[in-house]
Amino acid sequence: RLLKRIGKATTEFDAVALNEGLGEADELNIPENHVAEAHALFLNLQSGDFVQTELNRLRRSGSEEPLDLLKKSNLIKQVEVLGLKVQPLCEEMREVTSSILTRQRTKTFDVKDPVQAQVAERCFEDLTNFSKLRDPMRCGGQAWRSANVTEPVESGLPSVPAMLRWTNDRIPDSLTVIDAKSVHLALRNFSNLLRCMGDKPAAYIGNKEDPILSLARRTPELRDEIYLQIMKQLTDNPSSDSSMKGWKLFASLCGSVLPTGELLQFVKAFLQKMKRGDKGGKDAKSEAARIPAGARKSLILGLQTFAVEKPKLAAQALALLEVTSGQAEGASQKGGSLDGQDLVEVHTEDRTSRSLKYKANMTLEDLKKRMLKVLSLQSGQGFAFFSCEMDEERAPWRLLPSTMDVQTAASKALVGGRCLLFGRVNIMPKEDLDVDDLNKARLTFLHAVKQWLSYPLAMTESTGKSACLKVAAALVAADKTTYAKKKKGKGHERWNSRVTQFKAEFEAGLTGDGVLDRYVAHNFLKDADRAELAQQILALVKNPAGNVNEDGNFELLGKSRALMLMQENLPDFDAYTFGPMREVPPGEFKWSDVKWEFKVAKPPQGGFAPLEARRDMDHHLLVSNAGIELQSVDAVGWSLRLPFRGGMGRWHLNGWGTYEGETL
C-alpha cells in the first residue's frame, strides 16, 4: 500500500506526498531500489531548473487532461515552496482553475474521478486563484503591499496573503477588481463589516447585518467583493466572539444571494474545508501567545469552544448556499430571477433600522404609510425620506421626492454610499411636540436636538452665549427628568445603564469626555471654556429662578420647553444651511448659459453686484420655508434674501438652474 502511494505521488509530481512516503519507507527499511525512481524525482523537485522546465513543458503542451492539470498544480506549488515565486498571485494556477471551471460548465467534470476532485480542491481552496482578485503587489499603496507578505508554506498548504486574512483595520482598496466608481462602496461595506463583527465600535444600535445584506441584494457587481470580505475576516480571526458574528452574517448572506459562478466554487470549497474541521489558521494556544498572561486562559477556552462550533456553522452556511443555488437554478429554468427579493432597509433618527417588504413601482409615499404603521405614528406630517450618511451628525438634508419609486431611492442612496432614512424635516418656528402622538414627539425632539447641535449661524457674543446657556440647561433638565429612575424587571438593562451614566455625569459637573457635546451646539462649544460653561449650565438647572425646569416632573413638557427655547433664541432655526460660499461677480457668468429646469417666460437680465467689502467674504446659504438667503459667516446682521412667496419684498424667486463648475 505504501509503495502504491509513493508510485501515485511520483506520477503526480507531488513533492509533499513523496517526502512523507519516502520517510515512511526509510523507517520500514524498504530497499532503496524499490523507491529509486521516486527518490530521484524527489531530488529533482528540489531543483528550480527542473521544476520550471517541467512546468514550461506542460504549459506548451496545452493539455487539459486531469492528470496533467494535477501535475501542473503540484509543480506550481513546488515553485512557491522553493521560494522562486515572489508574487502571491499565480497566473499559472489560475490557468488550471480556468480549465476546471470550463470542464464544470461543459459538464465534462467528473466529481467521482479522484484526480479531477483533487485538482478542483487544490484550485478552489486557494482564494488567490480567483481571477477577479486584486494583485496586492500592484495596488492599494505601499501600506497595502507591505502588509501582504505571505507566510512560509508549511506542509504544502498554500500561503495566505495578508489581504485575505483577518484585520481590525480598514482596507485601502477593494479586494476584487471592480469599477472605480464602486470602490468607495466596497470600502464603506468593509467598515460596516468591522462594526457588524464587533471589531470596531458602532454608533448605532440597529441590525448591523442589514447594511451589508442590503448592499449585496441591490448591487450584483459587488457580491463577490462582499463574500470575499467576510471570508477574509473569518480567516485567522483571533476572537471567538467576532468569528461567531461573522459566521452568522455569512450564513445570512449564503441564504440571501449568490456570488458569481466562479467564486461560488471557492465559497463551497471554503465552507467544506471549515466543515471538515481544518484549522485554516493558527490554533488557540498560538493565537493566545501574544495576549497578556492574565487573559490567556479565557481566550484559549473561548477559541477552543468556538473550534468545536465552527464545523457546525460552516455546515449550516453550506446548506443555505445549496438551497439558494437550487432556487436560483429553478428560477432560471422558469425564466425568473432570485434577485427579486423586495426588501429595503430604512433607518430612523434614533439609530435603529427596519427591513420592509415592498412591491414593484411602490413609491416613497406608499412606503411612508408602511413606516407610520411600523413606528406607530398617528400622523406623518413633517416626515419624509432622506439619503443620509450612516454616521452623519447634522440633521438629514438630502430630501428625496415622495413620488420616487422605492427601488430607485434605495439604489441612489447606496450608490452614494449612504442609507435610506425616514425622519423629520426641520422643525418649524411655532411647531410643538404632539402630546397625543408620543412616538412622533420623540422622533421630532431627536431631530430638533440635531438641528441645535449643528446650528452654524453667527450671533453676537452676548446673544449667542445667552441662547447657548438657556437651550443647553433645558436639555440637561429634560434628561434629568427622563433618566430620573431605573426600571424594574428584565429587558431594561440598556435603559438602567443610561440612568446610571447620566447620574454619574451630572454629579461630576458635566465635565466628562463628550458630555457637553450632547447639549451644546458645536459652533458655540469650539472656543468655549468647557469647565466654566458646565458650571453656568448647572447653575441654571439647579436654580428654580432660572425657569428651565419648572415642568421637571413631566418629561414631554420639559422637552417641549427646550424646543421652544431653540425656536425663540436661534434665528432661522428651521433653515437648512450650506456653505461656506462666495458671491460671483456678474461679469463671470452669462444668463444665456444657465440650464433652466423649465422654460422661463422672462429670462433675468443683469445681476446683483456685491459690495467690494463683501467680494471675498464667506457666506452661508440658507434654504427654508420662507426662501433662500445669503448670510455672512462672520458679519452678524447682513443678509440677502430671495423669498419663495410673492409679496411686497423686492426679491422674488421664480426658478433655478445650474451653471458651470460649482456655481448655483
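A disulfide is a pair of cysteine sulfur atoms within 2.5 Å. The views below show a predicted model.

**View 1. Cysteines without a disulfide.** A search of the whole structure turns up zero disulfides. Take Cys-419: the nearest cysteine sulfur belongs to Cys-388 and lies 5.1 Å away. A disulfide needs the two sulfurs within 2.5 Å, so Cys-419 is in none. Cys-419 is buried, because its relative accessible area is 7% and the cut-off for buried is under 20%. Cys-468 is also buried, with a relative accessible area of 3%.

**View 2. The largest nonpolar core.** This core holds 77 residues. Which of them touch the most other members? They are Trp-247, Phe-250, Leu-253 and Leu-271. Helix α13, residues 261-275, gives the most to this core, with eight residues. In soluble globular proteins, nonpolar side chains tend to be buried together.

**View 3. A second core.** A separate core has 45 residues. Among them are Leu-475, Phe-506, Ala-521 and Ala-562.

**View 4. Helices α11 and α12.** Helix α11 spans residues 223-233, and helix α12 spans residues 240-254. Their axes come within 10 Å and cross at roughly 155°. Angles over 145 degrees count as roughly antiparallel, so α11 and α12 are roughly antiparallel to each other. The crossing of α11 past α12 is left-handed.

**View 5. Where α11 meets α12.** From α11 come Ile-226, Tyr-227, Ile-230 and Met-231. On the α12 side they meet Gly-246, Leu-249, Phe-250, Leu-253 and Cys-254.

Conventions:
Residues are numbered from 1 along each chain as its sequence is written. This is a predicted model: local features need pLDDT of at least 70, side-chain atom pairs count only at pLDDT 80 or more; totals for chains, interfaces and linings use all residues. Side-chain values use heavy atoms; hydrogens and water are left out. Buried means under 20% relative accessible area, exposed over 50%, partly exposed in between (1.4 Å probe, protein chains only). A nonpolar core is a set of buried Ala, Val, Leu, Ile, Met, Phe, Trp, Tyr and Cys residues joined through side-chain atoms within 4.5 Å. Helices (H or I, at least four residues) and strands (E, at least two) are DSSP runs, numbered from the N terminus. Axes are lines fitted to C-alpha atoms, for helices over the stretch in contact, and angles run from 0 to 180 degrees between N-to-C directions. Angles under 35 degrees count as roughly parallel, over 145 as roughly antiparallel, 65 to 115 as roughly perpendicular and the rest as oblique. A crossing is left-handed if the near helix is turned anticlockwise from the far one by less than a right angle, and right-handed if clockwise. Contact means heavy atoms within 4.5 Å.
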